[in-house]
Amino acid sequence: MCLRKITLVILALVVSPCVSLKNYSSALGGSILFYDAQRSGPLPANNPIKWRGDSALSDCVVGGWYNGADFLKFGLPMASSAEFLLWSLYKWKDAYVGAGQLTQMYDMVKWPLDYFLKAWNPTKQELVYQVGEENIEYAYWGRPEDMTHPRPCKVASAAHPGSDVAGATAAALALGALVFEDQGDSAYSKQLLASATSLYKFAVAHRGPYQTGIYTSDKDTDELCLAAVWLYRATHLVEYLNAAKNFVSHDSSWGLTLESKDLSCQQLLFEETQDSTYRRSITDYFNNWLPGGTVQYTPCGLAWRMKWGPLGTAAKSAFLALLAADSGIEQDRYRKWAVEQINYILGDNPHNGGCFSYEVGYSSKYPLQPDHRAASCPDRPAPCGHEQSSSTEPNPQILTGAIVGGPDEYDQYVDSRPDWVHNEVQVDYNAGFQAALAGIVHLQNVNLFPATNNKCPCNQ
């Protein structure tokens, strides 16, 4: 039930607006566990996901995260997701402290950074940006621990550029240097910064899109812009700031996606310069995204931009809205909208009678059949194969913290593993979601949590 503050004033009841409160700290901790479930390589002794074990120990680059339901390791989604997560820790460290998740967060986000350090070879000037071949991986249904099939690699080099994925990886490494310097690990921070610097130099010197069959990129300027601005923050060298200004686009973005991260760099450059041009790009974007703009809304209020991963796409914009508000732009309006989008994901929606969480493991109602090979497998040594992919039973393993793709434009959703459009999970989907959760916990910490008005509030 909505919390109401009732005050007696001259025999009149004054009731404050309904606020649909969620346990954002719990949701934040859950998301960290999802990333732990995506780990590849030899797992540490403190592995919290007991149904996961060591896997892919013979990969050309060991470690990193599996991208989603299968066991491909894609450099661009991994790097972009790591950047969002690191950004939330860099900006709102107090949120992770308040949620009791700071140690877990450092541990989780170090996993992809270690992988990037191994994937980039500055001596050979080569960056491994993909492990596994799509058709081989899609044909396999089972545990990652049981894989025996070939796992070829794709590599960016001077002869075969990949300045987009190299820029994204350099951005994550540079931001990681800032985060771990703040933690007090100066040696690791210096290692990350050295790798970021040489990888950025390689990307700028060898421009061209990386070669892949999925998660393609139509430009590299947004990734190079982000790499440059994070390197500027890490080094204070003005040459990086000038480079970022040259790379940034001022076009109004359609959405914040893997293919287009221009808004992220516009936000960072506004923070650095207070230039009204960057501010205008941000406000133009959100004038399109907030109610009354061009973005479609479901009946219960989700900003529904695309068929694939609408929850993840909305969450990314919610994260940027919270950043923009913190920098002084439309504070009340953006914060209210951002929290309402996350509230929809956590239960303010109509599915299954309402109060349904699209984050697995949060609340009492959530997806039981997310499309995920490892989670669909029973405990070892029981076999696991394609019969699990089409089973109508709940997953034997709970993929705690994962958000699924989400509903259609009419709030309609079917919890069915074979319906992978609405039930797939990806490291990219959770990145903006977790980052926005950190921003919301921060608002609670500093007593700036907004009054919200979700159209389908959960009253339980």
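Is Cys-458 buried or exposed? Select Cys-458 and check: with a relative accessible area of 16%, Cys-458 is buried. Here buried means under 20% relative accessible area and exposed means over 50%, with partly exposed in between (1.4 Å probe, protein chains only).

A word on what you're looking at: this is a predicted model, where local features need pLDDT of at least 70, side-chain atom pairs count only at pLDDT 80 or more, and totals for chains, interfaces and linings use all residues. Residues are numbered from 1 along each chain as its sequence is written, and side-chain values use heavy atoms, with hydrogens and water left out.

**Stop 1: the disulfides**

A disulfide is called here when a pair of cysteine sulfur atoms lies within 2.5 Å. Cys-355 sits in the loop between helix H13 (331–346) and helix H14 (373–376) and Cys-458 in the segment after H17, so the pair ties together parts that are 103 residues apart in sequence. Helices (H or I, at least four residues) and strands (E, at least two) are DSSP runs, numbered from the N terminus. Look along the S-S bond: the torsion is about 105 degrees, so the disulfide of Cys-355 and Cys-458 is right-handed. Cys-355 is buried too, at 7%.

Next, pick Cys-300 and Cys-456, another disulfide (S to S 1.9 Å). Cys-300 is in the loop between strand S7 (296–297) and strand S8 (303–304), and Cys-456 is in the segment after helix H17 (427–445), so this link ties together parts 156 residues apart in sequence. The link of Cys-300 and Cys-456 is left-handed, with -70 degrees about the S-S bond. Cys-300 counts as buried at 6% relative accessibility.

Now jump to Cys-225 and Cys-265, also joined at 1.9 Å. Cys-225 belongs to helix H8 and Cys-265 to helix H10, so the bond ties together parts that are 40 residues apart in sequence. Its torsion is about -85 degrees, so this disulfide is left-handed.

Counting bonded cysteines along the chain, the pattern is 1-2, 3-4, 5-9, 6-10, 7-8.

**Stop 2**

Select residues 238–247, which is helix H9, and colour its buried residues: Tyr-240, Leu-241, Ala-243, Ala-244 and Phe-247. They cover an arc of only 160 degrees around the axis (taken from the directions from the helix axis to the C-beta atoms), which puts them on the same side of H9. On the other side, Glu-239 and Asn-246 are exposed. Among the elements covering the buried residues are helix H7 (186–205), helix H8 (221–235) and helix H10 (262–273).

In H10, click Gln-266, which is buried at 1%. Beyond its neighbours within four places in sequence, Gln-266 is in contact (heavy atoms within 4.5 Å) with residues including Val-248, His-250, Tyr-278 and Ile-282.

**Stop 3: the largest pocket**

Finish by selecting Tyr-215, Trp-308, Trp-420, Glu-424 and Gln-426, which lie nearest the centre of the largest pocket among its 31 lining residues. H12 (310–326) and H17 each supply at least two lining residues, and H12 gives the largest share, three residues.

How values were computed. 1 Å grid on protein atoms, 1.4 Å probe; cavity = no way out; pocket = protein on both sides within 12 Å on 5 of 7 lines; lining within 4 Å.
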